[in-house]
Amino acid sequence: MAELPDSSLAAIRGRAELGALRRGIEKESLRVTPAGVLAKTRHPVELGSALTHPHITMDFSEAQLELITGVHPSAEAALAELADVHRFVYSHLGDELLWAASMPCMIGRDDNIPIAQFGTSNAGKSKTVYRNGLSHRYGRLMQTISGIHYNFSVPEALWPAIAANRNEAPDRDFVTQAYFGLIRNFRRYSWLLVYLFGASPAVCKSFIRNTDSGLAQFDEGSLYLPHATSLRMGRLGYQSDAQSSVHISYNSLAEYAETMFAALTEPYPPYEAAGVKVGRGYRQLSTTLLQIENEFYGAIRPKRRTRSGERPLEALYGRGVEYVEVRCLDLNPFLSLGIDADICRFLDVFLLLCLLVDSPPDSRAESESMVANQLGVVERGREPSLELAEGDVGTPLVVWADRLLGQCARVADEIDAVTGGADHANAVDLQRRKVMEPDLTPSARVLNALRQQRVPFFRFAMNQSAAHRGYFEEHPLGPERAKELTAMSEESQSRQARIERSDQETFEAYLKRFLELDIPR
C-alpha cells in the first residue's frame, strides 16, 4: 500500500474536528422464540411503524429487526443510543430473544421465513415487493444473515484542511472524489476488518441446504472451517453469480453512476423469464439485474440522504457523496450490542487512513484480486501461512496487516492528541495483538467457546442471546427515556396512516414513476 504522507497528517494535526468525526450504527438481529426458532409473530405494534420509525425497522424478514442510531460525534454517544433502543425493544418482545450471531439457525424451509410487511401505502408495498424479488432471486435463507452497518463521515469543517493539502478547493466535487478515494482504498484493505472482526467461523447444520458446502463437521450440530473468520462474507453469505459478472467502478461519481445505471436499467434474461407481475401479485419490482441500488452487495457504499420520491443514485449524482456505509461487520456474539467503542474507534481510524492515503484508480482485474483476498481471509484468515495478493506479489497476511496497523497508529495518535487520552491508540493496539495472537480474534474465540463449553453453534448462540437479554432487563430504560421512545413509536404509526391516506395513484403508476432514473448520460 501507499505510505501515509507526513503532509497529510500535518494538514489535520491539531484540528478540533478530529474529535467530532461523525458516525451512526445500523444493527440487524433476528427475533427468535425461547426455543431458538425464528419468530412467526408480526413486528410488535409497540415498536411503531417499520415504514417510518427513525430507529426501529425491519430488514428482509418480518422477524428481522434493524435498529438504527442517529449521527453522533462520538462512539460513546452512538452506542448509548443503540443501547437505549435495545432496552426499549426488549421491553416489548414478550419472551422472544434477539439472536446474538450473524449466521442464523433453526430457520426451517424458505416459506417459513416471513417477508417484512410495511403497510398498504405504495411506498410500503414497494418495500415488500422488493423483498419478494430478493426471495425469488437469491432465496430467503441468505437474507436472514445479519450484520452491522457503520456509517461514517468527515465533519464539514475538516474538508478545507484536507483540500488545501491537495491544492484543491473544498467544494462538493472535491468531497465526493475524496470519498470515492476512501472507498477504493477500503476495498483494497477491508480484508483486514474481516480478519479482525469476523465472528462467524461456524454455522448451524440447519443453515446448510446442500452437501457441497466445502465445510467440515465440527460436532453433531455444527459445520466450520478451522481457520475461517467470517463465513457470512464468503460463499455462504451475500454472494450472487449474477452480480459477480458486473464491475462497478469507483473511480469517480460519473463512472459509478454509469455502471450502476446499466445494472438498474438493462433487463437480465433470467429475471425477465421470472416476470414482474404474475397473476394478481408482484414477483419483483423489475427484470433488471438490480431492482434498486441497495440490492448490490458491496462491503462499502457511497451514500446520501434522499428526498421524498428520490432514488439513491439520483441523490448521489445530484448532490454528491455525504457519507460512506461500511457493511462487512459481523455481530460479535460476546458483546451485548454486537459492537463496542474500541471497534468504533478503530473503524474511525481505519476509514480516515483510507481517506488520507493515495488512492489509485481501480480496475476489473484489481476488483477480482480484492474478491480473492477477501475470500482467502474469510476461509483461511487465521492460517499462519496465508498470503494475499498485493499487486503482483504474494504478501503474508501478518506482514501486510502489520504495515497497515502501523499506519493506523499514526492516525490514531493525531486523533488522541485532540481528544486527550489514548483511546484510539489503544484500539489499534488491541487489533495488533489479534494479528500476533490469532486466538484473540472473535472467530477463534467462538470456536474455543464451542470446544470449552462442549456445545454446538446453536446452543452457544442461544446462551449468548439469553445473556444479552438478561443484561438489558437488568439495566432497563429510565421512565423519561421510555416515554420519549413510546411517543416516537406512536408518532411513526400516525405518520404511516397519513401516508396511506394521502396515496392517490395506483401502485402500477407509482412503480413506473419510482423505477424511472433521471441521470444525465
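**Exercise 1. Decide whether V428 is buried or exposed, and find its contacts.**

Step 1. Take the accessibility. V428 has 0% relative accessibility, so it counts as buried. Buried means under 20% relative accessible area, exposed over 50%, and partly exposed in between (1.4 Å probe, protein chains only).

Step 2. V428 sits in helix α15 (residues 423-436). Helices (H or I, at least four residues) and strands (E, at least two) are DSSP runs, numbered from the N terminus.

Step 3. List the contacts. Contact means heavy atoms within 4.5 Å. Neighbours within four places in sequence aside, V428 touches F346, V349, L405, C408, A409 and A412.

Step 4. Check a distance. Q407 is 21 residues from V428 in sequence; their C-alpha atoms are 9.9 Å apart.

The model is predicted: local features need pLDDT of at least 70, side-chain atom pairs count only at pLDDT 80 or more, and totals for chains, interfaces and linings use all residues. Residues are numbered from 1 along each chain as its sequence is written, and side-chain values use heavy atoms, with hydrogens and water left out.

**Exercise 2. Work out the strand order of the open sheet and find what packs on it.**

Step 1. Order the strands. The 3 strands run β6-β8-β7, with antiparallel pairing. Two strands pair if DSSP finds at least two bridges between them.

Step 2. Find the edges. β6 (202-204) and β7 (216-219) each have a single partner strand, so one side of each lacks a neighbour in the sheet.

Step 3. Direction ignored, neighbouring strands are turned by 40° against each other on average. Axes are lines fitted to C-alpha atoms, for helices over the stretch in contact; angles run from 0 to 180 degrees between N-to-C directions.

Step 4. Inspect one pair. β6 and β8 (residues 222-224) pair over 3 bridges, in the antiparallel sense. A202 stands opposite Y224 in β8.

**Exercise 3. State which residues line the second largest cavity, and sort them by class.**

Step 1. List the lining. The residues are K27, H86, Y90, L98, W99, A100, S336, H468 and F472.

Step 2. Assign helices. α2 (75-90) and α17 (457-474) each supply at least two of the lining residues.

Step 3. Sort. The lining has 5 nonpolar, 3 polar and 1 charged residues. Ala, Val, Leu, Ile, Met, Phe, Trp, Tyr, Cys and Pro count as nonpolar, Asp, Glu, Lys and Arg as charged, and the others, Gly among them, as polar.

Step 4. Recall the rule. On a 1 Å grid over the protein atoms alone, a cavity is a set of points where a 1.4 Å probe fits but cannot get out; lining residues have an atom within 4 Å of a point.

Methods:
On a 1 Å grid over the protein atoms alone, a cavity is a set of points where a 1.4 Å probe fits but cannot get out, and a pocket is an open set with protein on both sides within 12 Å along at least five of seven lines; lining residues have an atom within 4 Å of a point.
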